[in-house]
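Reader: I have a chain open on my screen and some questions about how it is put together. Can we go through it piece by piece?

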Amino acid sequence: DLTGRRTEVKIIEINNPFRTSFLVAEDIEQQLAKRGSFRRAIKKTLDQVMESGVHGVKVQLSGRLGGAEMSRCEKASRGSIPLSTLQRHVDYGFTISKTTMGVIGVK
């Protein structure tokens, strides 16, 4: 009714949320918003993603990590992430965590 057109909505169930990059980024974002430790959030998420059966995962956080004055970038990876070849499906997710100290980007 709002658009004046006929629309069709398809709902696809996600069996394992740790195999979808956007949902993994959202999980880390929610942990940071609840004032969780960013290192613990990264390590816990990497373990859960690797247990779900993916070949590799890479996580990057940037911003005022731990409430520091200077912003910095933290990276962590497990498994293999072939970025220069088309043999594997590489999924990308990005979200922003708004904390009391500032904004933290999760990639």
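Author: Q31 is buried, because its relative accessible area is 18% and buried means under 20%, with exposed over 50% and partly exposed in between (1.4 Å probe, protein chains only). Before going on: this is a predicted model, in which local features need pLDDT of at least 70 and side-chain atom pairs count only at pLDDT 80 or more, while totals for chains, interfaces and linings use all residues. Residues are numbered from 1 along each chain as its sequence is written, and side-chain values use heavy atoms, with hydrogens and water left out.

Reader: Fine. Where is the place of Q31?

Author: Q31 is in helix α1, residues 21-33. Helices here are DSSP runs of H or I with at least four residues, strands are runs of E with at least two, and both are numbered from the N terminus.

Reader: And what does Q31 touch?

Author: Leaving out residues up to four places away in sequence, Q31 touches G36, A41, K44 and T45. Contact means heavy atoms within 4.5 Å.

Reader: Which other residues in α1 are buried?

Author: Along with Q31, the buried residues in α1 are S21, V24, A25, I28, E29 and L32. Seen down the axis of α1, the buried residues fall within an arc of 160°, so they line one face of the helix. The arc is that of the directions from the helix axis to the C-beta atoms.

Reader: Why would residues spaced like that point the same way?

Author: An α-helix has 3.6 residues a turn, so residues three or four places apart point the same way.

Reader: What do the buried residues of α1 pack against?

Author: They pack against α2 (38-51), β1 (56-63), β3 (95-98) and β4 (103-106).

Reader: OK, α2 then. What should its span be, and what is it?

Author: At 1.5 Å a residue, the 14 residues of α2 should span 20 Å, and its end C-alpha atoms are 20 Å apart, which agrees. The expected span is 1.5 Å times one less than the number of residues.

Reader: Which residues of α2 are buried?

Author: F38, A41, I42, T45, L46 and V49 are buried in α2. They cover an arc of only 125° around the axis, which puts them on the same side of α2. The face turned away from that buried side carries the exposed residues R40, K43 and E51. As for partners, the buried residues of α2 pack against α1, β1 and β2.

Reader: What about the loop between α1 and α2? Where does R35 come in?

Author: R35 is in that loop, just after α1. R35 has a positive phi of about 65° although it is not a glycine.

Reader: Is R35 buried or exposed?

Author: R35 counts as exposed, because its relative accessibility is 64%.

Reader: And what follows α2?

Author: α2 is followed by G53, whose phi is positive, near 105°.

Reader: How many bridges join β1 to β2?

Author: Eight bridges join β1 to β2 (residues 72-79), and the two strands run antiparallel. The partner of G63 in β2 is R72. Two strands pair if DSSP finds at least two bridges between them. β1 also pairs with β4 in the antiparallel sense, over three bridges, and there S62 has G105 as its partner in β4.

Reader: That leaves β3. What does S97 touch?

Author: S97, which is in β3, touches E29, L32, A33, G102, V103 and I104, not counting residues up to four places away in sequence. S97 counts as buried, because its relative accessibility is 0%.

Reader: Last one, the whole chain. What pattern does it follow?

Author: Read along the sequence, the chain follows α-α-β-β-β-β, with two helices and four strands. Of its 107 residues, 24% count as buried. The C-alpha trace spans about 50 × 40 × 25 Å along its principal axes.
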